[in-house]
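Here is a short report for a reader new to this structure. Please keep the model in view while reading.

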Amino acid sequence: SLEWLSCSLKAYPRMLCYVAKDKVSIVGYIIWTQKSGFRHQAIIELEQIAVTPIHQGKDVGQALIERTLPLVKHVLESNGSHVKHIIVTTRADNHAQQLFRKTLGAEVESTIPQFYSADEVVMIARNV
């Protein structure tokens with residue numbers, strides 16, 4: 001017998017979601033996902049990051065990463081784990097690669113040709 005198991009962004013601590021706000025509205029969000037199960041050395045993925053078009057280029061993405069990664073590490077540590085590596089994927093032509101290099105020290109590990117709408121790169125920040 002099979003049953004449907006429902007999941008949502010409330011799948012804490014596997015998924016950790018944060019938003020950036022200005023005085024009146026949400027201007028961006030970030031979703032971190034624990035990929036390695038609940039192990040001592042965790043692999044986490046920067047699953048999604050987005051900033052509203054009018055706030056792009058104003059360091060909101062950088063702030064989302066820099067301010068939330070310590071929170072993610074704290075949650076993992078409270079569960080007896082620590083971040084070993086961070087994985088992130090993005091289109092090969094996405095300038096966000098520069099952000100991931102700068103804030104995480106991530107480097108392109110491989111390229112998957114024509115994965116979604118174009119080539120996709122897999123970036124890894126090792127031994128964070």
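## Core and layout

The largest nonpolar core has 26 residues, and those with the most contacts inside it are W32, I44, L46, I65, I86, F100 and L104. Such a core is a set of buried Ala, Val, Leu, Ile, Met, Phe, Trp, Tyr and Cys residues joined through side-chain atoms within 4.5 Å. Buried means under 20% relative accessible area, exposed over 50%, and partly exposed in between, with a 1.4 Å probe and protein chains only. At least two core residues come from each of β1, β2 (26-34), β3, α1, β4, α2 (96-104) and β6. Helix α1 gives the largest share, 7 residues.

This is a predicted model: local features need pLDDT of at least 70, side-chain atom pairs count only at pLDDT 80 or more, and totals for chains, interfaces and linings use all residues. Residues are numbered from 1 along each chain as its sequence is written, and side-chain values use heavy atoms, with hydrogens and water left out.

The protein has 2 helices and 6 strands. Their order from the N terminus is β-β-β-α-β-α-β-β. Helices (H or I, at least four residues) and strands (E, at least two) are DSSP runs, numbered from the N terminus.

## Strand pairing

Together, β3, helix α1 (residues 60-78) and β4 make a right-handed β-α-β unit. Right-handed means that, with the strands pointing away from the viewer, the path from the first strand over the helix to the second runs clockwise.

## Two positive phi angles

Most residues other than glycine have a negative phi. D59 is not a glycine, yet its phi is positive, about 65°. D59 sits in the loop between β3 and α1. With 51% relative accessibility, D59 counts as exposed. N127 is not a glycine either, and its phi is positive at about 50°. N127 lies in the segment after β6. At 61% relative accessibility, N127 counts as exposed.

## Confidence and burial

The average pLDDT (the predictor's confidence in each residue, from 0 to 100) is 90 for the protein, and 90% of the residues score at least 70. Of the 128 residues, 37% count as buried.
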